[in-house]
Amino acid sequence: MKKRFLLCTVLAASLATFKATAASMPADTGKTAAPAADPPLVFSGSVDTYYKADFSGHSNIPTSFANENNSISIGMIDLALKKKVGKAAFVGELSFGPRSDQSIPTSGYHIQNLYVSYDVTDKFNLTAGYMATFVGYEVISPAGNFNYSTSYLFTSGPFQNAGFKATYAFSDKVSLMAGIFNNQWNYYSSLNAAKTGSGDVSTFGAQLMVAPVKGWTAYLNLVTGSYSGTEFDLTTAYQITNAFKLGVNAATFSAPNNGGGFEGVALYPQIAVSPIVTFGLRGEYFKVKDNGGDVKAVTVTSNIKAGPLTVIPEVRFDTKSDAFGAAFTDSNGLASKHASQFVLAAVYAF
């Protein structure tokens, strides 16, 4: 009798447990669960416009972009697409407008980025295609810069590199990239080699990233090739406080076959005086090697935020030596060592 009672008790407890488990499970509708949807396609970009007035009454400063004087002018529209599914990703970015055409002359458009990448592991990534260069502090898109005008270092250095690279992250504080790139910077394909009549993938590139402390990141960059020449570049930025940031870009370039080169350094201190207003200064020294002269440039810029819109008032003063290319000219058309300009730009990022 006791055995029967015990058996009934066990059966009752098992039935209660089964009912509780079944109640907690989703109802069987007879339909197979839908697979998880792919991550969405991410769309971003920017639009910019500006007014520039050279104090001499005509254009003087020869750095990239914002070259039209006493004119309300356009920069470019930048359109970027990217998507990542699992370990594979792609990025495609097109730009249209004078700012784009001045970087690489084309028939009205320019490919800024077009590449695919694959995460072999969480630490190891492979990327191939046409990529914005890893060298330097400033970029083509005005949404990626604090100053609207650009430095002599930016104008002289590569804008894009086409090739294949591998990046390994040893930790969140140290990573190393190495790759092989086409011999010609800033173009989608390599320049034909004189001897073979075919392209030439002969430029080696590398980047060491270190983040010594929170808010401080530094990049040591190298590109070298028999056709492209050799450039060593340091790019670093340190968010010292919530309000104060300091950036530095230093580079030296040697052209092939003892063809000269350049060297220079630029400092980028910035201070935020409110959540919407930041003031910054770019102080640059740039020298052409083999007695090519030098130029010193000071640019004072403010960024005023209104949501996705940034208004950028900027004043710039350049002083060049006698040996540094053609002289500036003053309001009377006479040679001068000095040039200055005012820019008011608006950049909308989306």
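A charge sits over a ring if NZ of Lys or CZ of Arg is within 6 Å of the ring centre and within 35 degrees of the ring normal. In this predicted model, arginine 99 meets that description: its charged end sits over the ring of tyrosine 148, 5.1 Å from the centre. Lysine 320 lies over the face of phenylalanine 328, 4.1 Å from the ring centre.

The protein has three helices and 18 strands. Of its 350 residues, 38% are buried. Take the contacts between residues at least 6 apart in sequence: 51% of them join residues at least 24 apart. The accessible surface comes to about 18,900 Å², and carbon and sulfur atoms hold 66% of it.

Turn to the aromatic rings. A search of the whole structure finds 16 aromatic pairs. Among them are tyrosine 50 and tyrosine 148, with ring centres 5.6 Å apart and planes at 45°, so this pair is tilted. The two tyrosines come from distant parts of the chain, 98 residues apart. Tyrosine 50 belongs to strand E1 (residues 42–54), while tyrosine 148 lies in the loop between strand E5 (124–132) and helix H3 (152–156). Tyrosine 50 counts as buried, at 4% relative accessibility. Tyrosine 148 is buried too, at 1%.

Tyrosine 168 and phenylalanine 170 make another ring pair. Their centres are 5.0 Å apart and their planes stand at 70°, so the pair is edge-to-face. Elsewhere, ring pairs join Tyr152, Trp185, Phe253, Phe262, Phe286 and Phe324 into a cluster.

Salt bridges come next. The whole structure contains five. In one of them, aspartate 119 bonds with lysine 84, and the closest N and O atoms are 2.4 Å apart. Aspartate 119 is in strand E4 (residues 110–119) and lysine 84 is in strand E2 (residues 71–85), so the bridge ties together parts 35 residues apart in sequence. Lysine 84 is partly exposed, with a relative accessible area of 41%.

Aspartate 294 and lysine 296 form another salt bridge, at 3.4 Å from N to O. The aspartate 294 end is buried, at 15% relative accessible area. The lysine 296 end is partly exposed, at 47%. Aspartate 318 also forms a salt bridge, with arginine 316, and their closest N and O atoms are 3.0 Å apart. Both aspartate 318 and arginine 316 are buried.

Methods: Residues are numbered from 1 along each chain as its sequence is written. This is a predicted model: local features need pLDDT of at least 70, side-chain atom pairs count only at pLDDT 80 or more; totals for chains, interfaces and linings use all residues. Side-chain values use heavy atoms; hydrogens and water are left out. Rings of Phe, Tyr and Trp (its six-membered ring) pair if their centres lie within 6.5 Å; planes under 30 degrees apart count as stacked, over 60 as edge-to-face and the rest as tilted. Helices (H or I, at least four residues) and strands (E, at least two) are DSSP runs, numbered from the N terminus. Buried means under 20% relative accessible area, exposed over 50%, partly exposed in between (1.4 Å probe, protein chains only). Contact means heavy atoms within 4.5 Å. Accessible areas come from the Shrake-Rupley method with a 1.4 Å probe; for residues, only the protein chains shown count as cover. A salt bridge is a side-chain nitrogen of Lys or Arg within 4 Å of a carboxyl oxygen of Asp or Glu.
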